[in-house]
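Have a look at the sequence and the 3D view, and then read on.

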Amino acid sequence: MPGIMTKILEVEDLEVAFRIGPAFGIGQRKELLGVAGVGFDLDPGKTFALVGESGSGKTTLARAVNGLQAISAGRIVFDGQRIDDLDARRMKPLRLRMSMMFQDPVGSLSPRMKVGDLVTEAYRIHGIDVDFRAETERLLSLVGLSMDVTDRFPHQLSGGQARRVGVARAIALNPELIIADEPTAGLDVSIQGEVLNLLNDLRERLGLAMIIITHNLHVVRHVADRMAVMYLGRFVEIGPTDEIFSAPAHPYTAALLSANPEPDPDRAKDRIALPAEVPSLLHRPEGCEFHTRCPWARQDCGDEIPEAVIVGQRRVACRFPLERGERPPADSPTDPPTK
Ligand SMILES: Nc1ncnc2c1ncn2[C@@H]1O[C@H](COP(=O)(O)OP(=O)(O)OP(=O)(O)O)[C@@H](O)[C@H]1O
Ligand code: SF4
Ligand SMILES: [Mg+2]
């Protein structure tokens with residue numbers, strides 16, 4: 001009997017606060033919100049992408065979902081079970097069901113462990129007895145590596161091989177959810193394609209759900225069903241990837257998409273340049289937090305925090321969502337200076 005499909009992940013109003021300072025005994029302790037109230041959910045076997053500039057909170061959100069970062073508010077529900085309030089002992093069995101590929105491909109691999117031990121490390125950590133050699137062979141073959149690499153150390157691998165070892169580690173224990181933080185960063189373009197195809201292929205073959213974090217919007221378009229655009233720890237736009245790419249509604253999304261390298265020279269000049277300065281999380285702008293950089297900002301945008309509006313199947317945190325193809329106004333502060 002077909003039942004209602006349970007979401008593999010549900011995140012509600014999630015907040016992560018960091019306490020910082022006082023520096024050198026001077027000043028007060030302050031709190032900043034690395035993630036400032038976000039929500040999304042994910043169906044089994046689907047891919048959700050997180051994009052946004054450096055410091056927008058992508059890794060912090062991923063670490064929170066994976067239980068590596070304590071949260072200060074909100075809920076995380078994995079396969080119908082609330083997990084954000086579990087202690088380490090009760091979280092342990094759930095750790096078998098989700099895994100994380102960390103941002104730095106080589107740095108996240110212990111330098112003194114050989115590939116064979118790295119790919120099966122999770123079994124040892126969890127005290128699961130398997131035929132380690134057979135499992136190493138199975139995992140390496142799933143990620144397109146031969147057994148020749150088992151005795152190598154991470155620094156003896158190419159960037160692409162190190163990424164594949166990272167993928168093998170992530171799929172050990174047959175998880176249902178993988179969180180991949182910048183899975184293609186630092187790789188040559190051709191290798192990026194290979195790693196992406198590998199992830200996509202494994203998602204299909206193993207029925208995995210994935211969260212992919214990336215600065216590369218081509219990656220998003222290629223692999224993600226849904227995506228969210230983060231700014232200062234919030235989602236400014238969330239919805240189906242194809243809708244967002246065909247007509248971004250939040251000015252920040254439009255700027256990010258326009259900054260993506262565009263092969264067509266006629267379109268390249270359409271780039272929407274943003275002032276470089278990203279506000280500090282300790283001094284969030286009043287009202288719409290993007291108003292200090294927004295080429296479409298109006299006089300009163302700094303007055304109130306925008307309620308999320310629905311555009312198509314998206315939620316967009318802007319009082320004046322863009323129409324398809326809209327360009328910044330002529331007097332936009334980001335217009336190139338006149339000669
Ligand atoms: N442990 C911490 N203590 C204080 N602030 C932190 C801590 N970890 C992260 N932050 C801050 O939280 C914000 C979000 O950081 P995060 O690493 O999640 O960003 P990101 O989107 O992953 O960036 P990148 O694209 O550079 O990886 C940043 O301003 C960062 O400085
Ligand atoms: S509310 Fe105003 S400042 Fe904020 S994104 Fe929309 S147009 Fe720009
Ligand atoms: Mg990060």
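Phe40, Phe48 and Phe235 are joined by ring pairs into a cluster. Rings of Phe, Tyr and Trp (its six-membered ring) count as a pair when their centres lie within 6.5 Å; planes under 30 degrees apart are stacked, over 60 edge-to-face, and the rest tilted. The structure has six such aromatic pairs. In one of them, phenylalanine 40 and phenylalanine 48 have ring centres 4.4 Å apart and planes at 10°, so this pair is stacked. Phenylalanine 48 and phenylalanine 235 have ring centres 6.4 Å apart and planes at 55°, so that pair is tilted. Because phenylalanine 48 lies in strand β3 (residues 47–51) and phenylalanine 235 in strand β10 (residues 234–240), their pair ties together parts 187 residues apart in sequence. Helices (H or I, at least four residues) and strands (E, at least two) are DSSP runs, numbered from the N terminus.

How much of the cluster is hidden? Phenylalanine 40 and phenylalanine 48 are both buried, with buried meaning under 20% relative accessible area (1.4 Å probe, protein chains only). For phenylalanine 48 the relative accessible area is 1%, and phenylalanine 235 is buried too, at 13%.

A word on the source: this is a predicted model, in which local features need pLDDT of at least 70 and side-chain atom pairs count only at pLDDT 80 or more, while totals for chains, interfaces and linings use all residues. Residues are numbered from 1 along each chain as its sequence is written, chains are lettered from A and ligands numbered from 1 in the order in which they are written, and side-chain values use heavy atoms, with hydrogens and water left out.

Now to the ligand. Around ligand 1 there are 14 residues, and the closest are Ser54, Lys58, Thr59, Thr60 and Gln103; a residue belongs here if one of its heavy atoms lies within 4 Å. The largest share of this shell, three residues, comes from α1. The table gives polar contacts, that is, pairs of N or O atoms within 3.5 Å.

| Residue | Its atom | Distance to an oxygen atom of ligand 1 |
|---|---|---|
| Serine 54 | polar side-chain atom | 2.4 Å |
| Glycine 57 | polar backbone atom | 3.0 Å |
| Histidine 215 | side-chain N or O atom | 2.9 Å |

Taken alone, ligand 1 exposes 630 Å², and the protein buries 65% of that (Shrake-Rupley method, 1.4 Å probe).

Key:
A polar contact is a pair of N or O atoms within 3.5 Å; within protein, one must be able to donate a hydrogen and the other to accept it, and residues adjacent in sequence count only if both atoms are side-chain atoms. Buried means under 20% relative accessible area, exposed over 50%, partly exposed in between (1.4 Å probe, protein chains only).
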